[in-house]
Amino acid sequence: MAKIRINKDKCKGCYLCVTNCPNALIKISPDLNVKGVKAVYFSGGKPARLHGKQGQAGGCTGCTMCALICPECIIEVCKEGQGSRGSAERSEASPKGKGQG
Ligand code: SF4
Ligand code: SF4
């Protein structure tokens, strides 16, 4: 399962990530950050109560929607077994040849 990291102190409270996470895993904190806004936090990959039907896996899928939509580029998506990816970065797969054999 994937997870995300959010630089809360840079969050401006637009909540685009909250409304665009397909699994509703990003929540609004009751506390203010250094900018004086209620920043968001990752709810830990717990399943959200949505429609209670099939289709929603619950945990973070690593879809990167939150990172892509964040105007501040402060969300990193960490996929299991891979590095983190932010919205401003695009890492291409390293060309690994199979070799000859
Ligand atoms: S999209 Fe970015 S700036 Fe907006 S609430 Fe989410 S983390 Fe904060
Ligand atoms: S990567 Fe996708 S599933 Fe995970 S928190 Fe972001 S928007 Fe939600």
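**Notebook: two ligands and the fold around them**

I began with the cavities, and the largest one turned out to be the space taken by ligand 2. I note at the outset that this is a predicted model, and that every value below is computed from it.

Next I listed what surrounds ligand 2, and found Ile4, Cys21 and Pro22 together with the run Cys60, Thr61, Gly62, Cys63, Thr64, Met65 and Cys66. Sorting this shell by class, I counted seven nonpolar and three polar residues, with no charged residue in the shell.

I then turned to ligand 1, which sits in the second largest cavity.

Reading from the N terminus, I wrote the order of the elements down as β-α-β-β-α-β-β.

For contacts, I took those between residues at least 6 apart in sequence, and found that 52% of them join residues at least 24 apart.

Last, I checked burial and surface: of the 101 residues in the protein, 32% are buried. The protein exposes about 7300 Å², and I noted that carbon and sulfur atoms supply 49% of that area.

Methods:
Residues numbered from 1 in each chain as written. Chains lettered and ligands numbered in written order. Predicted model: local features only at pLDDT ≥ 70, side-chain atom pairs only at ≥ 80, totals over all residues. Heavy atoms only, no water. Near = heavy atom within 4 Å. 1 Å grid on protein atoms, 1.4 Å probe; cavity = no way out; pocket = protein on both sides within 12 Å on 5 of 7 lines; lining within 4 Å. Sits in = over half its atoms within 2 Å of the grid points. Nonpolar A, V, L, I, M, F, W, Y, C, P; charged D, E, K, R; others polar. Helix = DSSP H or I, 4+ residues; strand = E, 2+ residues; numbered from the N terminus. Buried < 20%, exposed > 50% of the residue type's maximum accessible area, 1.4 Å probe, protein only. Contact = heavy atoms within 4.5 Å. Areas by Shrake-Rupley, 256 points an atom, 1.4 Å probe, with all protein chains shown as cover.
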